[in-house]
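Let's take a walk through a protein structure together. Have a look at the picture, turn it around if you can, and then read on.

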Amino acid sequence: MKPFTVLVPLLLVPVALAGGAEVPAPTPTLAITYHPSGGTLPFSDAVEVGNTLYLSGKVGTGADGKLVAGGVQAETRQVLDNIEASLERYGYARAHLVKCTVMLTDMQDFAAMNEVYGAWMVKPYPARSTLGVSGLALGASVEIECIAAK
């Protein structure tokens with residue numbers, strides 16, 4: 001599927017000049033591009049708003065669409081490989097990451113996930129939140145979603 005782009009005008013607050021007169025600020029247009037997931041699922045793989053890329057959450061599935069074996073560290077490595085593939089597909093890199101959200105089905109896996117995550121990330125590290133959840137798609141142990149900006 002081809003990406004779908006929409007142009008959205010931004011409304012800006014009028015600028016007050018000396019003497020009390022107000023002049024409306026220009027209204028720039030912001031491009032929004034939807035990058036389809038390529039399947040039948042009702043979400044985009046990523047949405048690009050200006051120079052910011054919002055990636056959908058990724059789980060540790062290989063090319064066959066099945067979760068990789070080997071536990072939370074193997075899944076985390078695959079998740080990060082999947083994130084990197086998406087970043088590169090849309091012209092971004094690890095260094096552009098500004099925020100990631102990690103979801104774990106077992107918070108006891110935090111240290112194991114964090115070891116792989118920390119070795120993969122580049123400095124300066126993006127902001128991150130880690131949440132414990134009751135379940136993830138496909139029975140995954142870890143899911144990560146990220147935001148990148150140029």
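In which helix does glutamate 75 lie? You will find glutamate 75 in helix H1, which covers residues 72-89. Keep in mind as we go that this is a predicted model.

Let's get to know H1 itself. Helix H1 has 18 residues, and from its first C-alpha to its last it reaches 25 Å, close to the 26 Å expected at 1.5 Å a residue. The buried residues of H1 include Val72, Thr76, Val79, Leu80, Ile83 and Leu87. An α-helix has 3.6 residues a turn, so residues three or four places apart point the same way. You can look for that pattern in the numbers. What covers the buried residues of H1? The cover includes strands E5 (44-49), E6, E7 (58-59), E8 and E10, along with helix H2.

Now back to glutamate 75. This residue is buried, yet glutamate 75 has no salt bridge. The nearest side chain of opposite charge belongs to arginine 77, and it is 11 Å away. Leaving aside residues up to four places away in sequence, glutamate 75 touches Gly60, Leu67, Val68, Ala140, Ser141 and Val142.

One of those contacts, Val142, leads us to the core. In soluble globular proteins, nonpolar side chains tend to be buried together. Here, the largest nonpolar core has 23 residues, and the members that touch the most others are Leu53, Ile83, Leu87, Leu97, Tyr117, Val142 and Ile144. At least two residues of this core come from each of E6 (52-55), H1, E8 (97-104), H2 (110-120) and E10 (142-149). H1 supplies the largest share, five residues.

Follow tyrosine 117 next. Not counting residues up to four places away in sequence, tyrosine 117 touches Thr76, Leu80, Cys100, Val102, Pro126, Arg128 and Ile144. Cysteine 100 is buried, because its relative accessible area of 0% is under the 20% cut-off. Cysteine 146 is buried too, with a relative accessible area of 3%. How many disulfides does the structure hold? The count is zero.

Finally, visit two loops. In the loop between H2 and strand E9 (127-132) sits proline 124, joined to lysine 123 by a cis peptide bond with omega at about -5°. In the loop between E9 and E10 lies leucine 138. Although leucine 138 is not a glycine, its phi is positive, about 65°. Is leucine 138 buried or exposed? Leucine 138 is exposed, because its relative accessible area of 60% is over 50%.

How values were computed:
Residues are numbered from 1 along each chain as its sequence is written. This is a predicted model: local features need pLDDT of at least 70, side-chain atom pairs count only at pLDDT 80 or more; totals for chains, interfaces and linings use all residues. Side-chain values use heavy atoms; hydrogens and water are left out. Helices (H or I, at least four residues) and strands (E, at least two) are DSSP runs, numbered from the N terminus. Buried means under 20% relative accessible area, exposed over 50%, partly exposed in between (1.4 Å probe, protein chains only). Lys and Arg count as positive and Asp and Glu as negative; His and the chain ends are not counted. A salt bridge is a side-chain nitrogen of Lys or Arg within 4 Å of a carboxyl oxygen of Asp or Glu. Contact means heavy atoms within 4.5 Å. A nonpolar core is a set of buried Ala, Val, Leu, Ile, Met, Phe, Trp, Tyr and Cys residues joined through side-chain atoms within 4.5 Å. A disulfide is a pair of cysteine sulfur atoms within 2.5 Å. The expected span of a helix is 1.5 Å times one less than its number of residues.
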